[in-house]
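Have the coordinates open as you read.

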Protein chains: 2
Amino acid sequence: MNQTSPAERNQGKEGRAAPKEAKPNAATPNEAKPEEVAARPSAGEGEARRPLRADAARNVARLIAAAREAFAEHGSDASLDDIARRAGVGPGTLYRHFPNRATLVEAVYLDGVRTLCDEGNRLLDAEPPVDALVDWLRALTAYVTTKRGLGKSLLGSVDNRDQIFRRSHEMIERTGAPLLDRAKASGAIRPDLELMDLIRLANAVAIAGEQAPDGAELSNRLLLLAVDGLRTRAG
Amino acid sequence: MNQTSPAERNQGKEGRAAPKEAKPNAATPNEAKPEEVAARPSAGEGEARRPLRADAARNVARLIAAAREAFAEHGSDASLDDIARRAGVGPGTLYRHFPNRATLVEAVYLDGVRTLCDEGNRLLDAEPPVDALVDWLRALTAYVTTKRGLGKSLLGSVDNRDQIFRRSHEMIERTGAPLLDRAKASGAIRPDLELMDLIRLANAVAIAGEQAPDGAELSNRLLLLAVDGLRTRAG
DNA sequence: TACTATACGGAGGCAGTCTCCGGTTAGCAA
DNA sequence: TTGCTAACCGGAGACTGCCTCCGTATAGTA
């Protein structure tokens, strides 16, 4: 039985038994793509790692997808039991894979980064390069929106949070840089543009979208307006 | 029976019945000092106001004190049942006086401002004037720390929050200005110093203290260092 | 002192969290 | 293919928090 013990989950919560502690493991569901082979989270560092069974990996993926949906609708305080139901699994299954809310939030967060980077890698072959960059910026803006909501709820886990944020930023840079270089090389984008400019732009339009009733639509419109201004001017 | 109805408390919470809505009343427990005579919160504007009974006023005061303690230990998500227990009253009593968490947070918040201002008014007679000012700045820093924690949880009530923040800022200015003037008049403090400088200073050291394990001690040390720099230089 | 409007409080319903353990099954060896 | 077993599942149940209801208590006034 790979049930995480109560001691594994305790971290400074008063009253009832403390909530489960987020465990930084070398290979956790959050490290690998949910469907990819993954070692079990509870194995010690020196122990041989055995990948998750196929049904377990499927459940992890379903839980992350359900959590993303629930967090989008209700925020990161969404009911974990509800997430389990949406995923079609029992609460015990949710808690076996994600000992507490923070680990699930982290998993959704990193899955979002991975999806964003996968999208960026796919767009490396898309033509024209400037449209590929714009498509990726759109995905980046959507990601920023979810990042802001989930990032706040990772506040309680200071040690881990900085590491997560740094790693995701690195992933985004590795993905965005080639896309930007392609667009510059095509001559359609001003050559002085830097990736950090685009990341800040995505942040700005995501924040603007948070305040509006039709936030996603507004963010998209603002993004397209801003990108228009980034194009190399003909003549 | 002055029980607030479910409709009075509802405000956009999914799942279960929505939580109680904070009711902005002309005279609520939050307006008056808890022990002071207060009209009942649920009375309409045009109705004659009858002060709370003595036992009711005592319970309000106990609830605010218990809430402050619980919020300091657990944050503004502290269990309301636990706060009622700490106050030695039933949950029904808590909900009769504070229909939802936000009203209780607001009461604790405003009570803190009132306490700060009372402290400032008491210090108007203290000698030397510069030490009186420093004592008040220490209290202001402690207040800012609690303000930041409680202020975040008032985010959900945008209309009321701005009003609360503005009112508390006015109270702080009315209290702090005479203390600063006295210290200036005594010649011990540089004459170009403004109250906003001191408020910003209190904010800065409070924020610094949030990140440290011995936060309160650090904030105090930083405050004293900074105040040293504000003194009029001899010679 | 008697009366009554006001206040109290805690049982109970509901929802969410989280664990435990009997049952199921994926995956491997023979 | 079959049998075995370690890994996995899931949901009942205990517990906590939120919140209301209504019988009881009491503060305050005449």
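Two residues count as in contact if their C-beta atoms, placed from the backbone, lie within 7 Å. Bear in mind that this is a predicted model.

Q: What makes up the contacts in chain A between residues at least 6 apart in sequence?
A: Using that 7 Å cut-off, 60% of those contacts in chain A join residues at least 24 apart.

Q: How many helices and how many strands does chain A have?
A: There are 9 helices and 0 strands in chain A. Read from the N terminus, the order is simply α-α-α-α-α-α-α-α-α.

Q: How do you know that the length of helix α2 of chain A agrees with what its residues should span?
A: Helix α2 (residues 54-74) of chain A has 21 residues, so at 1.5 Å a residue it should span 30 Å. Its end C-alpha atoms are 30 Å apart, therefore the two agree. Just past α2(A), Gly75(A) has a positive phi of about 85°.

Q: Which residues of α2(A) are called buried?
A: The label takes 20 or more other C-beta atoms within 10 Å of a residue's own. Among those in α2(A) that qualify are Val60(A), Leu63(A), Ile64(A), Ala67(A) and Phe71(A). Across the 235 residues of chain A, 33% count as buried.

Q: What is the peptide bond from Glu127(A) to Pro128(A), cis or trans?
A: That bond is cis, with omega near -10°. Pro128(A) sits in the loop between α5 (101-122) and α6 (129-153) of chain A. In chain B, a cis peptide bond joins Glu127(B) and Pro128(B), with omega about -10°. Pro128(B) lies in the loop between α5 (101-122) and α6 (129-153) of chain B.

How values were computed. Residues are numbered from 1 along each chain as its sequence is written. Chains are lettered from A and ligands numbered from 1 in the order in which they are written. This is a predicted model: local features need pLDDT of at least 70, side-chain atom pairs count only at pLDDT 80 or more; totals for chains, interfaces and linings use all residues. Helices (H or I, at least four residues) and strands (E, at least two) are DSSP runs, numbered from the N terminus. The expected span of a helix is 1.5 Å times one less than its number of residues. A residue is buried if 20 or more other C-beta atoms lie within 10 Å of its own, exposed if 12 or fewer, and partly exposed in between; C-beta atoms are placed from the backbone.
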